[in-house]
Amino acid sequence: MNISISVKQLGKKHPLLQEKSIALAIENPVITTQQLIESIVDHQVQLFHESSFEFEDEDKIHLPKENYLPILTDTGKAGFGAIYNHNKVNLAKAQETAIQAFEDGLYAVFYGDDQLETLTEQIDLSQNKAITFIRLTFLAGSYFYL
C-alpha cells in the first residue's frame, strides 16, 4: 500500500523531508498507530540495508550535480548519500526505539489534520490522507525558583 509521508520540525520554515510516497507491506488498510510506525521503520531499515557503503579509509570528493546546489542552499545541509556506518540495523530494536520515542513525546504523528495520540488508535489508510511526523524540540533554559 502506498502512503504519503513528510517530516517537519517546529520552528523551521522548510520540512526536514518533503512529502514522499512510500510503499508499505500492509494487507489490511485499517491499522493502529503502532503498526504504522513499525511498518515505516521496517521500510526505512530495508532502504538503509540496500544503500551503498563506502569501505575506503579516506573520503573522496563527491562533487554534486549542478541541480543539487539550490537544494543545499534551501535546506542548509550538505549530504552526498554516502553511509559511513557499516553496522547492520537491528529491526526489532529500531522499532522499539521509535515506539518509545512516540510514547515519550519526542515526535507527533498526524493523519491528515488529525493527531494520532495513542498507539492503539486505529486509522484507515484507504482514505489516502498525508501522514506527517513532527519532531518536537524541547526548550532549554534555566530553572525557575518560586
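## A108 and its place opposite β7

A108 stands opposite I134 in β7. The strands and helices themselves are DSSP runs numbered from the N terminus, with helices being H or I of at least four residues and strands being E of at least two.

A quick word on ground rules: this is a predicted model, where local features need pLDDT of at least 70 and side-chain atom pairs count only at pLDDT 80 or more, while totals for chains, interfaces and linings use all residues. Residues are numbered from 1 along each chain as its sequence is written, and side-chain values use heavy atoms, with hydrogens and water left out.

β7 covers residues 131–135, and four of its five residues are buried. Buried means under 20% relative accessible area, exposed means over 50%, and partly exposed is anything in between, using a 1.4 Å probe and protein chains only.

β7 also pairs with strand β1 (residues 2–9), again through five bridges, but these two run parallel. Within that pairing, V7 has F133 as its bridge partner.

## The aromatic cluster

Rings of Phe, Tyr and Trp (its six-membered ring) pair if their centres lie within 6.5 Å; planes under 30 degrees apart count as stacked, over 60 as edge-to-face, and the rest as tilted. By this rule there are two aromatic pairs. One is F102 with Y107: the ring centres sit 5.8 Å apart and the planes are at 55 degrees, so the pair is tilted. The other pair, Y107 and F133, is tilted too, at 5.9 Å centre to centre and 50 degrees between the planes. Since Y107 lies in strand β4 and F133 in strand β7, this pair ties together parts that are 26 residues apart in sequence.

Put together, F102, Y107 and F133 form one aromatic cluster. How accessible are its members? F102 is buried at 9% relative accessibility, Y107 is buried at 15%, and F133 is buried at 12%.

## Q95 in helix α3

Over in helix α3 (residues 91–103) you'll find Q95. Is Q95 buried or exposed? Its relative accessibility is 18%, so Q95 counts as buried.

Which residues does Q95 touch, leaving aside its neighbours within four places in sequence? The contacts are E38, V41 and D42, where contact means heavy atoms within 4.5 Å.

Key: Two strands pair if DSSP finds at least two bridges between them.
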